[in-house]
Amino acid sequence: MAITIPYTFNDRDKSIEYTDGDAGKPLVLLLHGAGGTSLDMTAPDQRGYPHYDYAEPFPPDRDEGWSAYPGVGVWSFTLDNPKEPLISWQQILQDNGFPTATYSQVDSTGPIQSAEDELVVVINKLQMPPAKLELPNLPAKELVILAHSRGGLLARKVLKDHADLVPNLTTVITLDSPHLGSELANLANTLNDVILWFPSSIQPLITQVLGDFANLVAQPAWQELAVGSPFLMDLANGEGALPGVRYFTFGGISVKLTRLLSWVYNLESAIPQWHWPPFHHVITLIEVPVISPVANSVPPVVDEIANGKGDILTADKRCRLPFAVHQTNAINHPECLWDPGLQAQVLSILGDDTGFWE
Amino acid sequence: MVQQFPSANPLDFVRKFRSNYVNLHDLWSGDGKQVPEGVTLRDPKRSPIKESSLPEATRALLAEYRKANPGLKIVIVKYMRTVNGVPETVVDDGLELPPEDEFLSLSQTVTLSTSDHIRVVTEIIVARKK
């Protein structure tokens, strides 16, 4: 059951979306990344992130009917269909009995400071007596932070600046959070250059896939995460694990977002038959060689966009913390929001079983 | 960008050609039937289809095929010229298409297009090979 817990931040009325869980299980606070909203954690398919089903089998040939002219070459370019349904973090945790809380961070494309101030308010709110929150059950005694992308740096910043804020914190899990920065912030035009690397006829399609990422890395929220930035240096300076808190980091090493597909005329579409009109157009779906899939084919200018090293926005080697246990998965950045394998790994951590890493 | 196009199955195509075939001679000749306006229908017995009158490119293809299959006898049995998909000249009789293992088709399409005009001329030849 979802409950709305109102709070006020900077004179704005906002709310935490809380879902109930089993007594005794920790409350999982879900933090989205830069440019995100609470939907990242509750309904990622509504956020417009690339979630193409690049493993979907090809459909059968399509009959386009008879024509007066021969069908030759490419009929159209397209991308994989969306993968659905996507199981959100809120849903999978709820299904496994964990209470959850999430909210849309203020100014999620801006510098992290205001998001930090807000998170302090949110955590204080969640620690209020249950009667004041009008929750049906007692809030969980323990708290887990599960953070995607910049949300992981937000968690670190709050815990460093407010070490005593969350005495009941047991676990911090970050999903593809660029703890050591992202070179895409240093080279903000890289993703735009990637789009331009593709043939002009398909750049509109590639913009559909990569355009939002290209815009994001130019935002102040991501610029703050440039490798070697004052913010990151300051955050790491004197930082350590909080006593009694377990830290887990995840990194992604797949830049595969979608296959680039093309409907092409079958050869028989070019051969006339004894028919009026003479050309029977039949098209077949194929994967475009060399430049598909996106973005495996692009020159790996930085590790963030190199398959086997990055996840489109972050590099696995820069998603680590010296005091955390790290796991690498072959998934891309948005897939962290719904990947069943990653969800199983996190559930395993929450169930105190980390055996899969050994 | 090198595009990989799907290959065609020759037998499959011949079968489709045969299944889509309509004998235009029978369709347009006989009691109460008439040839559509603008179409010339000829009988191959009266107007034999001479190989020498075929477009040069199709004759070259045929010569290439003969060279690869020496001793083969090829007889042209049907001819159709379409302009923008509409038949203009048809040479056909009441005979059905050759069986699939004797079937051979040739064609040539030439086009002309401008901002206000498109002309697509296709010539289709059906032959029997033995």
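A residue is called buried here if 20 or more other C-beta atoms lie within 10 Å of its own, exposed if 12 or fewer do, and partly exposed in between, with C-beta atoms placed from the backbone. By this rule A:R156 is buried, because 23 other C-beta atoms lie within 10 Å. The model is predicted, so local features need pLDDT of at least 70 and side-chain atom pairs count only at pLDDT 80 or more, while totals for chains, interfaces and linings use all residues. Residues are numbered from 1 along each chain as its sequence is written, and chains are lettered from A and ligands numbered from 1 in the order in which they are written.

Chain A as a whole comes next. Of its 358 residues, 45% count as buried, and its C-alpha atoms fill a box of roughly 80 × 45 × 45 Å along the principal axes. Chain A has eleven helices and twelve strands, where helices (H or I, at least four residues) and strands (E, at least two) are DSSP runs numbered from the N terminus. Two residues are in contact if their C-beta atoms, placed from the backbone, lie within 7 Å. Among contacts in chain A with a separation of 6 or more, 78% join residues 24 or more positions apart.

Six of its six residues are buried, so β7(A) is largely enclosed by the rest of the structure. In a regular strand the side chains alternate between the two faces of the sheet. In β7(A), A:L143, A:I145 and A:A147 point one way, and A:V144, A:L146 and A:H148 point the other way. Two strands pair if DSSP finds at least two bridges between them. Strand β3 (residues 27-31) of chain A runs parallel to β7(A) and is joined to it by five bridges, with A:L27 opposite A:L143. Strand β8 (residues 169-175) of chain A is also parallel to β7(A), over six bridges, and here A:A147 stands opposite A:T174.

Leaving aside neighbours within four places in sequence, A:R156 is in contact with A:L235 and A:E239.

Helix α3 (residues 112-126) of chain A packs against α5(A) at an angle of about 65 degrees, with the axes 9 Å apart. Axes are lines fitted to C-alpha atoms, for helices over the stretch in contact, and angles run from 0 to 180 degrees between N-to-C directions. On the α3(A) side the contact includes A:L119 and A:V120, and on the α5(A) side it includes A:L153 and A:L154.

Elsewhere in chain A, four strands form an open antiparallel sheet in the order β4-β11-β10-β5. Its edge strands are β4 (62-67) and β5 (74-79), each pairing on one side only. β5(A) meets strand β10 (residues 260-265) of chain A in the antiparallel sense over five bridges, and A:V74 stands opposite A:V264.

Finally, chain A touches chain B through 26 residues from each chain.
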